Amino acid sequence: MNKLQVQSLPLKDVIEDIAIGLKTSYIQACSEYIVQIPDEWGQGSIRGINFEGGLGLLIYECKFYSDLEISFTVGETHPLKFLFCLEGQLMHHFEKSDEQHSLSQYQNIIVASKGLDGHVVNFKENVYTEIYSLEIDRKTFNAGMSCELKKTKPSLRKIFEDQNAAQSFYYNGLYSLVLGEIFDEIKVQSFDHFMKKIFLESQSYRMLVQQLIQYDDDSEGNLDKQILRKSEANAIREAVEIMKSEIDSLSSLHSVAQRVGLSSKKFQNGFRHFFGKSANEYLQGLRLNLAKDLLINTNESLKEIKDKVGFNSQSYFTELFKKIYHNTPSGYRNEHRKKKRLD
């Protein structure tokens, strides 16, 4: 295993130490600092940028050819860290602890070390890893938020109030769909230096707000969380594919939700988020749209079409079809056949 030692703050000096450990140099692009991974070590880059008010952002987009350990030991209180794994895997542990914290795709952790203890992160060989690390100097950050922090919920306040690091702190979860959208926006931005810094600072505060909303949601102790997670969005997409492929034989949407690992509430919330309608309304739309195509493009009977799109009742099929297309299935077919002859 290769090992690097980071013994400096702020992020400019973090990037410089990483560059020294990799036996290369770093690039300064105004207030952003970038180290490109040398070819003999791997691929990709590590970037860091500090903002006013004690907030900074580290972005790891890299693959190493051998296992790599980076130890952050600076001899002073470390920043509060919000880590998000977009791809790959990362292992984390506190400097004086052997307890490992695993961070995989769509997971996030909040970590704060005790006293002057540092952080150790491990990258697996030949695994492309994309990590966003929001870093907060609590003393500087709290100075501008002292009144607001006193009036916020205890569960949120405890993340920030221990600015002298009397205790360690650890939380893990699955990051929300909104956070996933923020990361996507960061990855495709193409602003110049002036606009880029303002954009990244605003996105960093959005990341912080959304993570705190999610942490508050998790702290409520409800098994059925209110906020849709990024991993759950993938489950909704899987559910859509099941609906399409098994449209003629689906027994219930509850069974689909179970197959993709979602509660009924999360299942319905997901469909409303993506499609603006319930799962049942979405399924009915799929069925009616397929029925319309079959009426136009085949000579199958109405009963055969009704069965193929998954309706049990001919009258219910006719009722729903007429509600959407303002005609009965047979009338719709005749109308289009007539129009085709005239054309």
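A cavity here is a set of points on a 1 Å grid over the protein atoms alone where a 1.4 Å probe fits but cannot get out. In this predicted model, a search of the whole structure finds three such cavities of 30 Å³ or more. The largest cavity has a volume of about 70 Å³.

Strands S5, S7 (80-87), S11 (119-123) and S12 each give two or more residues to the lining of the largest cavity. The residues that line this cavity are Leu58, Tyr60, Phe72, Lys81, Leu83, Leu90, Val121, Phe123, Ser133 and Glu135. Sorted by class, seven of them are nonpolar, one is polar and two are charged.

The second largest cavity has a volume of about 50 Å³. Around this cavity lie Ala29, Cys30, Ser31, Glu32 and Ile49, together with His193, Lys196, Lys197 and Leu200. Helix H6, which spans residues 193-219, contributes four residues to the lining, the most of any element. The class division of this second lining is four nonpolar, two polar and three charged residues.

Next come the open sites. The largest pocket has a volume of about 340 Å³. Its lining consists of 19 residues, and those nearest the pocket centre are Leu9, Gly54, Pro79, Ile136 and Asp137. Strand S5 (55-64), strand S12 (129-136) and helix H2 (138-143) are the elements that supply two or more residues to the pocket lining.

Finally, a helix pair. Helix H7 (residues 230-245) packs with helix H10 (residues 279-297) at an angle of about 40 degrees, and the two axes are 10 Å apart. H7 is therefore oblique to H10, because an angle under 35 degrees would count as roughly parallel and one of 65 to 115 as roughly perpendicular. The crossing of the two helices is right-handed. On the H7 side, the contact is made by Val240, Met243 and Lys244, and on the H10 side by Ala279, Tyr282, Leu283 and Leu286. Six residues of this contact are nonpolar, none is polar and one is charged.

Methods
Residues are numbered from 1 along each chain as its sequence is written. This is a predicted model: local features need pLDDT of at least 70, side-chain atom pairs count only at pLDDT 80 or more; totals for chains, interfaces and linings use all residues. Side-chain values use heavy atoms; hydrogens and water are left out. Axes are lines fitted to C-alpha atoms, for helices over the stretch in contact, and angles run from 0 to 180 degrees between N-to-C directions. Angles under 35 degrees count as roughly parallel, over 145 as roughly antiparallel, 65 to 115 as roughly perpendicular and the rest as oblique. A crossing is left-handed if the near helix is turned anticlockwise from the far one by less than a right angle, and right-handed if clockwise. Contact means heavy atoms within 4.5 Å. Ala, Val, Leu, Ile, Met, Phe, Trp, Tyr, Cys and Pro count as nonpolar, Asp, Glu, Lys and Arg as charged, and the others, Gly among them, as polar. On a 1 Å grid over the protein atoms alone, a cavity is a set of points where a 1.4 Å probe fits but cannot get out, and a pocket is an open set with protein on both sides within 12 Å along at least five of seven lines; lining residues have an atom within 4 Å of a point. Grid points are joined across faces, edges and corners, and a volume is the space filled by probe spheres set on the points.
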